[in-house]
Structures are given as structure tokens and as C-alpha cells.
Amino acid sequence: MSKQWAMILVAIGIMAGVALGSRITVAAYESAQQQERMAVIADELAMVRTLGALMRCESGFRPTVPGDGGDSYGILQFQKPTFAWMKTAAGMPDLNYRNPEDQMVLAWWALRNGHGRHWTCYEKAVAKAVNF
């Protein structure tokens with residue numbers, strides 16, 4: 001496991017732990033500017049929680065596990081054709097299918113761009129992220 005990948009997982013864990021202590025209520029902030037900033041933070045936190053829940057469900061956080069009878073691989077259980085399509089659509093041609101950091105980067109892009117349903121665990125991950 002690379003140092004960078006481990007740091008990403010630690011950051012996800014810390015952010016998830018912070019979220020366990022309290023929910024962000026955007027309406028609690030008075031100014032429109034404060035509400036906008038808190039909405040952005042809440043959205044990013046939901047994305048982090050969704051990505052973490054997706055990794056847990058798909059691979060149990062194991063970065064080199066095969067799945068789907070050998071058709072899927074890695075921490076986010078990408079299939080090669082899906083990974084190739086997404087990295088082209090994202091404009092990230094240098095991403096490597098077998099690299100867990102690259103899988104996380106591409107999954108973040110996919111979730112941000114409405115492609116979460118490519119994972120069988122997507123609905124379950126969103127439910128866990130929302131119902132923290």
C-alpha cells in the first residue's frame with residue numbers, strides 16, 4: 001500500500017468520524033454566504049462518505065481483490081472496459097486500472113458526474129452516507 005493511498009483512507013476515516021459526532025445543518029448559519037459555504041462542505045463530506053461506503057461494500061477496502069469472476073478488480077471493483085471509458089470521458093488518460101489511487105480518483109469523478117450506478121453497491125453506499 002502506498003503512503004498516498006494510506007493517507008487518503010486516513011482522511012476518509014477522519015472525515016467520517018467527524019461526521020459521526022454531528023450532522024451539518026446548513027440552516028443554522030445566518031448569512032447566505034455562510035449557508036453556501038456550509039452547503040459545499042456538507043456536499044463534499046457526503047461525497048467522501050459515499051466513496052468510503054462504496055469501497056467498503058465493493059472490496060472491503062482491499063486494493064488488489066478480484067471480483068465478478070475475475071471481471072472486476074481493485075478497491076472499487078472496476079471492470080476494464082468501464083475504467084477505460086470513464087478515464088477517457090474524464091480526460092484522464094494516464095490513470096492505471098490496477099492502481100488504487102487512480103481507481104479512487106476516477107470513482108470521485110464518476111460520482112460527481114452522475115455515473116455512480118455503474119457500481120452494484122451504489123444505492124447501498126448512498127444510503128449509508130446519507131443515514132450516518
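1. G60 lies in the loop between α2 and β1 (66-67). Helices here are DSSP runs of H or I with at least four residues, strands are runs of E with at least two, and both are numbered from the N terminus. The model is predicted: local features need pLDDT of at least 70, side-chain atom pairs count only at pLDDT 80 or more, and totals for chains, interfaces and linings use all residues. Residues are numbered from 1 along each chain as its sequence is written, and side-chain values use heavy atoms, with hydrogens and water left out.

2. G60 is partly exposed, at a relative accessible area of 42%. (Buried is under 20%, exposed is over 50%, partly exposed is in between, with a 1.4 Å probe and protein chains only.) G60 follows α2 and has a positive phi, near 65°.

3. Helix α2 has 28 residues. From first C-alpha to last, α2 reaches 40 Å, close to the expected 40 Å at 1.5 Å a residue. That expected span is 1.5 Å times one less than the number of residues.

4. T50 is in helix α2. T50 is buried, with a relative accessible area of 10%. Leaving aside residues up to four places away in sequence, T50 touches L111, A125, V126 and A129. Contact means heavy atoms within 4.5 Å.

5. In helix α5 (residues 122-130), the buried residues are Y122, A125 and A129. They lie on the same side of α5 because they cover an arc of only 65° around the axis. The arc is taken from the directions from the helix axis to the C-beta atoms. These buried residues pack against α2 (32-59) and α4 (100-112).
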